[in-house]
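Please keep the structure open while reading.

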Amino acid sequence: MTPASPLDEMVDGAAGIRPHWRGLFGALSAFDRGEIAERAARLDRHFAEEGATSLLPGGEDGPAWRCDPVPLMLSAAEFESLAAGLAQRAALLEAVLQDVYGPQALLASGALPPALVYANPAFLRSCRAPEGRRDGPLLQLYAADLLRAPDGRWRVLRDRTAGATGLAHVLENRRALARHVPELVGARELRRLGPFFDLWQDALQRLAPAAAGGRNPGVAMLTAGHASPHWTEHVILSRRLACALVEPGDLTVRDGGLFLKTLRGLQPVDVLLRRMDGRQMDPLEADQSPWHGVAGLLDAVRGGRLRIVNDPGAGFAEAPALAAFLPALAEPLLGGPLHLGAARTLWLGDPVARAEVLGDLPRWMIRRALDGTVRSITAGALPEAARAELAQRIQATPEDYAACERIPASVAPCAGPAGLEPRPVILRLFLLQDGTGWRALQGGLARAFAPPDARTGARPETLFAKDVWVPAEDATEIQGPRMLAIRAVPIRRGSGDIPSRAADNFFWLGRYLERLEGGARLLRVAASRLAASEPSPRALAELKTLGACLVRAELLEAEAAQQIGTVPVTAALLREVRERGRMQGLLGQVARLAGLLRDRLTGEMHLALNRGLRQLREEFDAVPAGREANRGLEALGHASAGVLAFAATVAGLAAENMVRGGGRLFLDLGRRVERAQAIVAELARCLDQPGAAGQPARLEPGLALALELRDSVITYRTRYLTVLQAAPVLDLVLADEGNPRGLAFQLSAARDMLLDLETGADLTRESPLAALAEDLLEEARAMVREVAEAPSEAEAAIALRPRLVALEGALAVLSDRITRRWFALLPAPHSLGPAPAIRLRGAA
């Protein structure tokens with residue numbers, strides 16, 4: 001084979017620029033080398049701010065998602081030829097799947113060896129329908145990886161039938177290029193991506209089984225959750241397809257149907273878009289861990305109450321060895337040969353094929369016959385001893401291996417540090433079965449590798465995604481069935497249309513945001529006191545109280561609090577904002593919950609959280625460690641002020657960008673409960689002021705600190721213009737419903753939210769949790785009245801400490817009851833045998 005040309009995607013055989021590249025090449029020529037690198041850096045920042053990860057669709061991990069500013073161009077004619085060839089290939093794979101999961105005539109005739117079927121871990125016996133063809137396709141979405149061989153023709157490298165990942169990358173790459181490289185996007189009129197997703201959304205609606213009874217079908221996307229390497233893609237796709245993004249714990253099977261568990265009740269799900277391993281979907285039937293999946297899911301499919309796409313068993317067609325049999329199967333199943341060639345593949349269980357491969361082993365890529373997730377072995381790159389060992393393994397168990405002919409990939413221009421540089425590319429195209437035929441996405445995803453990685457087959461250190469452009473000339477829009485007529489949706493307003501898992505995460509996001517803000521407020525006040533060269537006796541008293549508050553917030557050890565003001569204690573406080581400190585831990589909790597809720601946060605909210613958390617981490621890391629007290633306290637105060645600004649930004653965005661109900665309600669409820677507990681806990685410590693021998697305790701230091709921690713100093717001075725007194729301070733901190741930093745504000749807001757959640761529009765229903773919040777509010781008012789009416793306000797205020805401690809405990813009880821009422825989840829059922837200890841989901 002002749003080697004690939006340095007830029008053979010851009011130039012033709014006569015070293016001229018291919019016609020479909022000329023407009024783009026003209027736009028590229030206007031950039032100097034530095035500007036191309038600068039645009040690449042902009043794209044990197046864009047994806048970092050978006051929180052996008054996992055560039056390798058189909059891989060478990062890999063390099064960060066990076067997008068090359070230079071797209072890959074395909075001519076309209078070339079793209080149509082590829083689309084037609086892949087549509088034929090998808091139809092063949094559908095026919096193979098229908099047979100393997102149906103009558104199994106291919107096995108009976110010997111066209112497929114049993115070793116490739118029954119030994120395949122992706123072959124799910126529970127998905128078989130031996131009586132004949134199923135109602136509807138097993139494949140709805142299909143993708144294929146291709147490369148251009150040295151002869152100029154495209155070859156299929158791998159079929160993607162389980163999940164066809166990468167579609168969100170296509171959408172985001174196009175959006176990012178339009179924003180950061182508009183000169184290139186405007187150079188050519190391109191085919192649009194949107195119609196493909198409109199067709200997909202319509203096709204999902206049409207797949208609803210007859211059991212839906214004519215109602216509007218319920219469509220959901222099933223994901224393994226935030227831990228999945230494809231979580232970002234799932235979020236983007238679910239939004240684009242307007243379907244619910246759910247995890248197994250959000251679903252339950254009742255009376256043969258699948259339902260989504262929400263606070264309002266059970267909502268039927270008719271079509272499930274699968275984005276997790278089919279072997280983990282039903283713990284009662286799959287040979288996987290018993291606490292994964294949804295019990296009874298496949299039974300709902302067999303009963304005709306649910307459609308899953310792609311079918312849980314569709315991953316069978318991704319077995320590398322199956323590609324060796326497809327050319328021969330095309331004639332009997334399709335009535336003709338495959339129009340689009342593939343990389344020549346041999347199953348080494350065949351003695352003739354095995355002899356050919358072992359006779360010239362360096363020419364081949366060796367793959368596991370049934371597991372496409374295992375990386376290929378480039379035999380020619382192995383040392384002689386390792387190659388001999390590989391040959392021995394093949395001889396020992398030949399049926400476990402397949403061999404794929406090595407094909408040098410064509411190269412395309414990519415942005416590099418010195419300008420444009422050639423890199424090998426692999427192309428992925430996507431097709432959809434819309435009910436009338438296979439429709440191709442008018443673009444795709446390309447991956448560009450560093451040449452050494454492509455040559456050796458090693459995992460790449462640097463990997464770029466490239467947007468795939470198809471010029472719009474001679475193109476027509478995708479044509480498909482007319483939109484499905486659906487019933488009018490009744491207007492509904494309320495707070496219950498949210499899964500319990502999401503409500504739980506919103507509640508704890510609010511609590512951790514408040515803990516982060518409360519910790520920062522304590523540290524800022526402490527830094528201001530500690531920075532004084534000669535603290536006054538009043539400041540020393542406030543420091544002692546601050547020490548107790550810091551202990552309660554887990555920002556200081558109890559022993560160290562007795563020595564607050566010394567250099568070692570100051571150094572200990574500085575460590576709390578550095579790596580593995582309490583504040584860093586709170587940042588991590590907020591980041592984790594924001595990630596879990598990515599599908600339910602607006603773009604502005606997610607961007608503010610992502611940027612703010614990254615900036616705060618940088619500010620925390622900048623706080624000096626050790627005994628650099630003066631510089632450290634200044635940096636600590638600056639970092640704490642940054643946290644307060646971040647918390648205010650998030651609160652403002654939630655108020656302006658989130659509908660009052662559902663997620664925002666639980667986010668706010670979490671903040672109110674957490675802040676209320678902090679208020680009473682800190683006030684109890686502020687009132688614990690020791691007096692001199694034989695003298696009553698002086699409450700002024702504690703009262704001043706209580707006002708400062710509640711950010712209420714200016715309000716108090718404006719109202720009273722006098723010295724600190726217990727009753728007015730306690731009224732402002734405990735009983736004033738107009739003070740957003742006071743206890744009464746938190747309790748009245750929590751009462752109203754709980755009333756909304758428990759009764760909705762039905763005002764005749766009782767709300768036990770709202771009644772509990774009202775009782776706690778009345779207790780706060782009663783404490784203020786008793787102090788105001790007492791002969792000695794100071795003594796009466798000091799006597800409140802046990803009641804404040806009891807009030808803190810009552811708030812913890814309220815939090816526990818909220819959890820039991822809406823968030824408590826039972827572990828998933830399993831079939832037989834003891835299950836290991838199961839950790840209940842939730843952020844607490």
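**Briefing on the predicted chain**

Strand 7 (residues 257-261) is mostly covered, with four of its five residues buried, where buried means under 20% relative accessible area, exposed means over 50% and partly exposed lies in between, using a 1.4 Å probe and protein chains only. Helices (H or I, at least four residues) and strands (E, at least two) are DSSP runs, numbered from the N terminus. This is a predicted model, in which local features need pLDDT of at least 70 and side-chain atom pairs count only at pLDDT 80 or more, while totals for chains, interfaces and linings use all residues. Residues are numbered from 1 along each chain as its sequence is written, and side-chain values use heavy atoms, with hydrogens and water left out.

**The chain as a whole**

- The secondary structure of the chain comes to 28 helices and 19 strands, and buried residues make up 55% of its 844 residues.
- Among the contacts in the chain with a separation of 6 or more, 72% are between residues 24 or more positions apart, a contact being heavy atoms within 4.5 Å.
- The accessible surface of the chain comes to about 35,900 Å², and 53% of this surface belongs to carbon and sulfur atoms; accessible areas come from the Shrake-Rupley method with a 1.4 Å probe, and for residues only the protein chains shown count as cover.

- Strand 6 (residues 251-254) and strand 7 pair in the antiparallel sense over four bridges, where two strands pair if DSSP finds at least two bridges between them.
- The bridge partner of T252 in strand 7 is F259, and F259 also stands opposite P268 in strand 8.
- Strand 7 is joined to strand 8 (residues 266-269) by four bridges, and the two run antiparallel.
- The hairpin of strand 6 and strand 7 has two residues between the strands, and D255 there takes a positive phi near 55°.
- The hairpin of strand 7 and strand 8 has four residues between the strands, and G265 in its turn has a positive phi of about 140°.

- Strand 15 (residues 411-416) is mostly covered, six of its six residues being buried.
- Both faces of strand 15 are covered, with V411, P413 and A415 buried on one side and A412, C414 and G416 buried on the other.
- Strand 15 runs antiparallel to strand 16 (residues 419-433) and is joined to it by six bridges, with L420 in strand 16 as the bridge partner of A415.
- A hairpin connects strand 15 to strand 16 through two residues.

- Four strands form an open sheet in the order 11-14-12-13, with antiparallel pairing.
- Strand 11 (345-347) and strand 13 (377-378) stand at the edges, each with a single partner strand, so one side of each is left without a neighbour in the sheet.
- Helix 11 (residues 351-359) packs on the sheet, touching strand 11, strand 12 (364-368) and strand 14, and its direction makes about 120° with that of strand 11; axes are lines fitted to C-alpha atoms, for helices over the stretch in contact, and angles run from 0 to 180 degrees between N-to-C directions.
- Strand 11 is joined to strand 14 (residues 401-405) by three antiparallel bridges, and the bridge partner of L346 in strand 14 is A403.

- The buried residues of helix 7 are P195, F196, F197, L199, W200, D202, A203 and L204.
- At 1.5 Å a residue, the 13 residues of helix 7 (residues 194-206) should span 18 Å, which agrees with the 19 Å between its end C-alpha atoms; the expected span is 1.5 Å times one less than the number of residues.
- In helix 10 (residues 326-334), L326, L329 and A330 are buried.
- Seen down the axis of helix 10, its buried residues fall within an arc of 120°, so they line one face of the helix; the arc is that of the directions from the helix axis to the C-beta atoms.
- On the other side of helix 10, P327, A328 and P332 are exposed, whereas its buried residues pack against helix 3 (76-100), helix 4 (105-109) and strand 3 (154-160).
- G335, which follows helix 10, has a positive phi near 85°.

**The surroundings of K544**

- K544 lies in helix 15 (residues 537-552) and counts as partly exposed because its relative accessibility is 47%.
- Leaving aside neighbours within four places in sequence, K544 is in contact with Q562 and I564.
- The C-alpha atoms of K544 and Q562 are separated by 7.2 Å, with the two residues 18 apart along the chain.
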